Amino acid sequence: MQASDQTYLSLGWVPVNVRHRTVPIALNASARYGLLQAVSPMSMDRPLAHPANQGWRKYRSVAMQAAAVVGVVFGVASIVPLGMYLLAPPDRVTNPLPAEPIIVSPAPPESPPVIVIRDAGVVDVEAGRIRERQTIVIRNGVIETIGEGLTVPPGALAIDGRGRYVMPGLIDTHVHLTTNEELLIYAATGVTTVQSLGDRVKDNQVRSAGVEAAALAGPGVVSCDFVAAGVSSDGVEAIVSDAVASGAECIKMYSPPDWTNAQHRDLVKAARARGLRIGGHLPRNLPLDQALANGQQFVAHAEEFLYAYFFKFPDRLNEARIAENATAVRASGLSVTPTLVAYHAIVRQVGPEIDALIVRPELRYVPRGVLERWKPPENRYRKRFTAADGERLNDAFVFQQKLVRAWSDAGVPLALGTDASPMMPFVVPGFSALDELDELRQAGLTPAQVLRAATIDGATLAGRSDRGVIAPAKRADLIVLDANPLDDVRHVRRRHGVMVKGRWMSEEWLQKELARRSEQTTARGPARREQVAPPSTGLSAAVVRLPRGQRPEDSPNHSADAESGRSRIPH
Ligand SMILES: [Zn+2]
């Protein structure tokens, strides 16, 4: 079956009582768009199940004429408001987002076309060293030149870099972008690009456009939200065609369900042939060497390797297998986003350390309704796991730390990622990226290795060769710091300001906006999932849907069914 707009699935007939006569109405679902249509048989070119009701048809024609008159009247009446809308100041027209009831993220402050950062230490994330006393000239969002003693062009905004350090902005390659409000928090913590691995292609395309047009203060948005959770009889080509048609640039692999080797291999091949990236989970049921050979580009959790490999042995967490695994992963060319912060948060919230999580200051930016679900008694991980489970999870966490260190030593490209989403308790957008820097450091990476993962290697994973380093012709996504991050990655928290695509957001401005947002968040009722665009077309006829009512982000992630090893951690 070829998926198309006309592909509807009949769900059956429903009798509807119209003026004491029973009229059959057909319910149709579009496999592609998930639309539910109610169609009267009168409008269908097919034999009727019941004779047409002639009297009803007469009333229908009167009703349609009345509707046409109403339509003309309202159409004429709307000309004036439409004209006002079109003539409104540009910011009101170009901002594609509804103003209410969501909290609208602010636009970044206006920046002049030329900005100069004078005499700063530039962090070379590839060489892992500082280049001292460099002046950076930024024009129209792009780094133009870097050098010693450059003069400041007239009209430029000059930022004093003396005693300061300039590093590329952080790239969080594993988030589930859910609301516009999160955008400001990312920018305010130095995250200048996020890759979303959720399920909302269209929403994140809209958000991306908002950031690119300077209508929203936030990070550049890369959407890898087109989810493939198995292959239907339509085959892999249909998945890839749907992905391309939806505007996706990346396919999110989801497992479970199980994949056959041919399905996984063919999907990866078809995706790459069309220029799409593909990554996410590993197909956990396959032997790891097969999965690696199939050429998927990235894996979004270190823990995926527990399910796809280590837990398949009777002795499970056997460190003797780490070295061979690191060699195999390196040889495959795969990039890995360890996402340690999410797993660690689960370990901590299951045990007594939840007390320390609950008082963390960044929770003031979490919508109240979300926060209620993070705290006991609603916390889903405390409902699921006992204290004894917590110890096993901690063992698995410590094992992952060693795995990450081994991958790094073997030369596996690693990237920063957090899994930040409302479904991941205590993993707050942006703040968790700063925590992940620390997680990678505690796993044994040097500051230079951590910064590399957080910038250039994340850019490569996310398919963005235009950023991730401070160099001419690169996008001006950067952080100005008051301390050297190569001395200590915690210095990334000591911001002087953040720049996204050449728009300078001073720390003062960011903190002011964050404080305003905190007030709004606290005042607001339960959060709901915000929709900024029509439902994503990411799930198509060709894609096997997740179980009803289950979105990728609430699959029982980290439900390490620790005994069977067939466990399920989300995302
Ligand atoms: Zn995830």
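Okay, let me start with a definition: two strands pair if DSSP finds at least two bridges between them. Helices (H or I, at least four residues) and strands (E, at least two) are DSSP runs, numbered from the N terminus.

With that in hand, look at strand 13, residues 250-253, and strand 14, residues 277-280: they pair in the parallel sense over 4 bridges. Cys250 sits opposite Arg277 of strand 14.

Before I go on, this is a predicted model, where local features need pLDDT of at least 70, side-chain atom pairs count only at pLDDT 80 or more, and totals for chains, interfaces and linings use all residues. Residues are numbered from 1 along each chain as its sequence is written.

Next, a helix pair. The axes of helix 11 (residues 340-350) and helix 15 (residues 387-410) come within 9 Å and cross at roughly 155°; axes here are lines fitted to C-alpha atoms over the stretch in contact, with angles from 0 to 180 degrees between N-to-C directions.

Zooming out, the protein has 19 helices and 19 strands. Of its 571 residues, 46% are buried, that is, with 20 or more other C-beta atoms within 10 Å of their own, C-beta atoms being placed from the backbone.

Conventions. A residue is buried if 20 or more other C-beta atoms lie within 10 Å of its own, exposed if 12 or fewer, and partly exposed in between; C-beta atoms are placed from the backbone.
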